[in-house]
Amino acid sequence: MDFVNLLQRKFIDYSSSLHREGIVDDQFTQLRKLEDENSPHFVMEVASLFFEDCEKLINNMAIALEQKQGVDFKQIDECIHQLKGSSSSIGAMRVKNACIAFRSFSDGQNREGCLRCLQQLSHEYSLLKNKLQTLFRVSVASRCLYVCLVIFCRGNEHAEPFPDVLVFQLEKEIVAAGGSIPRVH
Amino acid sequence: MAPTLPSGDQSSDQDNWDNGRLARKRQLLTEIVLRNRLTALVVDGDTTCRVLEQLLLRSYGVQTQGVDNGRDAVTLIASGVKFNLIIIDMILPILNGLEKATRQIRDMGVHCKMLGVTACSGESERQAFLAAGVDVFIEKPLDPEHLVPILRELDGQ
């Protein structure tokens, strides 16, 4: 169980670092509190939705800013607005702040400023995606390790028994996250 | 916003006490048990926002439906479906949330509570959204500290 505790400690420390660095804010913490046994990975699933939308919007803005016949700043503004809303809803603080800065250049119809902001926004998005995917991997890994230990202990008559309900739930979570359950014969 | 500790390696006992009281106050604000069955419609063109807002409402036991554009919201309400609460974004695809959808919903005689939840933060936008017919203007994200008092009111608590 020391390994599980260590991994869980790593998860907590990594999660705290995301807050200290301003990658995520309290909104993200609130969302994690909504996870329960019926939806243990919903934050990861919603984050995936956010990543898809974010990439689409950044791509759309890049294309709009490259138009030779003139930049459609209204379209840029709508993309920024949407991204500001979704990033604030998921607690992606630095992405949200990048959108706020971007908005001022879009309002001023400043193409060069918008290009710089788009670059900054892309950087913040990549950082967020990388960090959150790492966080989710550590979370799944600790659960997987826990179940492995449980299964091992079941094969060892001297080990303390684990509740079946808990094991079944953890196995479901691991499979739902794309993992597999090792079988000890 | 999470309470922040002052700079320095060690926080004082007073700081810890204040932070604890603040945390407890926030916890009390967000605890609620609904006595009645409440229903809500979430109108937001952004999938992330719509999913999160519906999930937050469901966590309090509110039955929710979601649509991603103004026209579908108006059509749904025109079909006779009733809601205790409508959460609507300002900028929507097809039928804009501000000038069109909100006004049309109110013009149909719908008097339920409407929350305008939007990424816009300007005072002029706030005034325009309130003038269009929303009861409350909330800058995203929709959070428990804004939502819970409204749910309490709707529940008659």
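**Exercise 1. Find what share of the contacts in chain B between residues at least 6 apart in sequence join residues at least 24 apart, then outline the fold.**

Step 1. Among contacts in chain B between residues at least 6 apart in sequence, 64% join residues at least 24 apart. Keep in mind that this is a predicted model.

Step 2. List the elements. Chain B has 6 helices and 5 strands.

Step 3. Starting at the N terminus, they run α-β-α-β-α-β-α-β-α-β-α.

Step 4. Check burial. Chain B has 157 residues, and 45% of them count as buried.

**Exercise 2. Decide where the buried residues of helix H3 of chain B lie around its axis.**

Step 1. Locate the helix and its buried residues. H3 of chain B covers residues 70–78, and B:Gly70, B:Ala73, B:Val74, B:Leu76 and B:Ile77 are buried there.

Step 2. Look down the axis. The buried residues of H3(B) fall within an arc of 160°, so they line one face of the helix.

Step 3. Inspect the two ends. At the start of H3(B), B:Asn69 brings a side-chain oxygen to within 3.0 Å of the backbone nitrogen of B:Arg71. Just after H3(B) comes B:Gly80, with a positive phi of about 105°.

**Exercise 3. Describe the interface of chain B and chain A.**

Step 1. Count the residues. On the chain B side, 25 residues are in contact with 19 residues of chain A.

Step 2. Find the residues of chain B that lose the most area to chain A. They are B:Thr48, B:Leu52 and B:Ala119, together 29% of what that side buries.

Step 3. Give the area. The size of an interface is often given as the accessible area lost when the parts come together. Here the two chains bury about 1800 Å² between them. Carbon and sulfur atoms carry 65% of that area.

Step 4. Look for polar links. There are 3 residue pairs in polar contact across the interface. There is also 1 salt bridge. A:Lys84 and B:Glu139 form a salt bridge, with their closest N and O atoms 3.5 Å apart.

Step 5. Helix H2 of chain B, residues 47–59, supplies the largest share of the side that touches chain A, with 8 residues. By class, that side has 13 nonpolar, 5 polar and 7 charged residues.

**Exercise 4. Trace the salt-bridge network around B:Asp89.**

Step 1. Begin with one link. B:Asp89 and B:Lys140 meet in a salt bridge at 3.1 Å, N to O.

Step 2. B:Asp89 is in the loop between strand E3 and helix H4 of chain B. B:Lys140 is in the loop between strand E5 and helix H6 of chain B. They are 51 residues apart.

Step 3. Check burial. B:Asp89 and B:Lys140 are buried.

Step 4. Complete the network. Salt bridges that share partners join B:Asp44, B:Asp89 and B:Lys140.

Conventions
Residues are numbered from 1 along each chain as its sequence is written. Chains are lettered from A and ligands numbered from 1 in the order in which they are written. This is a predicted model: local features need pLDDT of at least 70, side-chain atom pairs count only at pLDDT 80 or more; totals for chains, interfaces and linings use all residues. Side-chain values use heavy atoms; hydrogens and water are left out. Contact means heavy atoms within 4.5 Å. Buried area is the accessible area (1.4 Å probe) that two parts lose on being put together, summed over both. A salt bridge is a side-chain nitrogen of Lys or Arg within 4 Å of a carboxyl oxygen of Asp or Glu. A polar contact is a pair of N or O atoms within 3.5 Å; within protein, one must be able to donate a hydrogen and the other to accept it, and residues adjacent in sequence count only if both atoms are side-chain atoms. Helices (H or I, at least four residues) and strands (E, at least two) are DSSP runs, numbered from the N terminus. Ala, Val, Leu, Ile, Met, Phe, Trp, Tyr, Cys and Pro count as nonpolar, Asp, Glu, Lys and Arg as charged, and the others, Gly among them, as polar. Buried means under 20% relative accessible area, exposed over 50%, partly exposed in between (1.4 Å probe, protein chains only). The arc is that of the directions from the helix axis to the C-beta atoms.
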